[in-house]
Amino acid sequence: MSGTPARTAADAATTDVVCLGESMVTFLPSQPGRLADVPSFGRGIGGAESNVACALAGAGHRAAWVSRVGADGFGDHLVDTIAGYGVDTSAVRRDPGRPTGIYFRTATDRAADVHEVAYYRAGSAASAMSPANVPYEALLAGRVLHLSGITAALSADCLALLRELTAPRPGRPLVSFDVNHRPGLWRGGDASPRVLLELARGADLVFVGDDEAEEAWGIVGAEAIRAALPEPAVLVVKRGADGATVIAGDTVTDVPALRVDVVAPVGAGDAFAAGFLSATLRGLPVRDRARHGHLMAAAALTVPGDLTDPPARDRADRLVALDDTAWGRLRLGPGWTGDDQEVRTP
């Protein structure tokens, strides 16, 4: 099927997905409100690509995370925590001259006007990633290489690295690219739409939100986005609560989202990408790939942080196999991924 990474005789010993990108220590508020008013914060981790790697490892895949962290306690915490999810962190490099990035955020939805994020990542170890210092043998060791537009925004060297990894080359793994448009990260933000479009056109599988496409490129609708991105074998346009549109070649598949009792609106996009990639690795049909993405997103939305254990594969497969009517009646709330939890229908 289009967009499925080829299998080889060596697959039994091959990493399924390699994720490249910065992860940071995240400070999560103890209560809603402005950063100026929050009295205390709990420590977590945050990073689009490491989130994908952790979710994939939780779903039973061989996942690796490649990055740079400081030779500091926060770097220790990141590597230990991500490895604790079952992710291979052996290719993460330590930088003795640069710190690990950290950030603070409010409890509100990222899209809300009152949402605040305070990044302390300028000059971070990960921003020093470049074509000259990343372990290429590790990056190219998987069936899929997962990247995002966040990395491109970190520095000129990081952008050069992503340009190299998305350039056509014989024998490269399937390249997955999540646009992840973050205007606040770009210095001289006028360049970001052009750069993100360029990188996406070099990928085999692209994830982009319809809101991102409108904000970055002034493009509305899956067909218009496809016209701007004709090269990727598979284009996934995420439409929030309305679902996702998957365009594989010339075939368009609309897959409704699930009704979810949201605990915290963070991490859903990364979780969706992980679910979609998991089903892609298994060679499942396009509709089922998107449904697995929706289920993984629902797992993230029903917990306070970015990361959670995904539903067991056999349980997810049973839900994905429901007919359209039964799928549309599902409603998922906190704890739904537990084996003893019933999935509710109206």
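Me: Which exposed residues does H7 carry on the face turned away from its buried side?
Reply: This is a predicted model. In it, Asp-211 and Glu-215 are the exposed residues on that face of H7.

Me: And which residues of H7 are buried?
Reply: Glu-212, Ala-213, Ala-216 and Trp-217 are buried in H7, which spans residues 210-217. Seen down the helix axis, they fall within an arc of 100°, so they line one face of H7.

Me: What do the buried residues of H7 pack against?
Reply: They pack against helix H6 (192-201), strand E11 (205-209) and helix H8 (222-228). Just after H7 comes Gly-218, with a positive phi of about 70°.

Me: Now H11. Which of its residues are buried?
Reply: In H11 (residues 313-320), the buried ones are Arg-315, Ala-316, Leu-319 and Val-320. They sit on the same side of H11, because they cover an arc of only 135° around the axis. H10 and helix H12 (324-329) are among what covers them.

Me: H10 again. At what angle do the axes of H9 and H10 cross?
Reply: The axes of H9 (residues 268-281) and H10 (residues 286-301) cross at roughly 145° and come within 7 Å. The crossing is right-handed.

Me: What sort of residues make that contact of H9 with H10?
Reply: They divide into 11 nonpolar, five polar and two charged. The H9 side includes Phe-272 and Phe-276, and the H10 side includes Met-296 and Leu-301.

Me: What is the strand order in the open sheet of four strands?
Reply: The order is E3-E2-E7-E8, with mixed pairing. E3 (41-46) and E8 (117-120) are the edge strands, each pairing on one side only.

Me: How do E2 and E7 pair?
Reply: E2 (residues 24-29) and E7 (residues 102-105) pair in the parallel sense over three bridges. Tyr-103 in E7 is the bridge partner of Thr-26. Helix H2 (residues 73-84) packs on this sheet and touches E2, E3 and E7.

How values were computed
Residues are numbered from 1 along each chain as its sequence is written. This is a predicted model: local features need pLDDT of at least 70, side-chain atom pairs count only at pLDDT 80 or more; totals for chains, interfaces and linings use all residues. Side-chain values use heavy atoms; hydrogens and water are left out. Axes are lines fitted to C-alpha atoms, for helices over the stretch in contact, and angles run from 0 to 180 degrees between N-to-C directions. Helices (H or I, at least four residues) and strands (E, at least two) are DSSP runs, numbered from the N terminus. A crossing is left-handed if the near helix is turned anticlockwise from the far one by less than a right angle, and right-handed if clockwise. Contact means heavy atoms within 4.5 Å. Ala, Val, Leu, Ile, Met, Phe, Trp, Tyr, Cys and Pro count as nonpolar, Asp, Glu, Lys and Arg as charged, and the others, Gly among them, as polar. Buried means under 20% relative accessible area, exposed over 50%, partly exposed in between (1.4 Å probe, protein chains only). The arc is that of the directions from the helix axis to the C-beta atoms. Two strands pair if DSSP finds at least two bridges between them.
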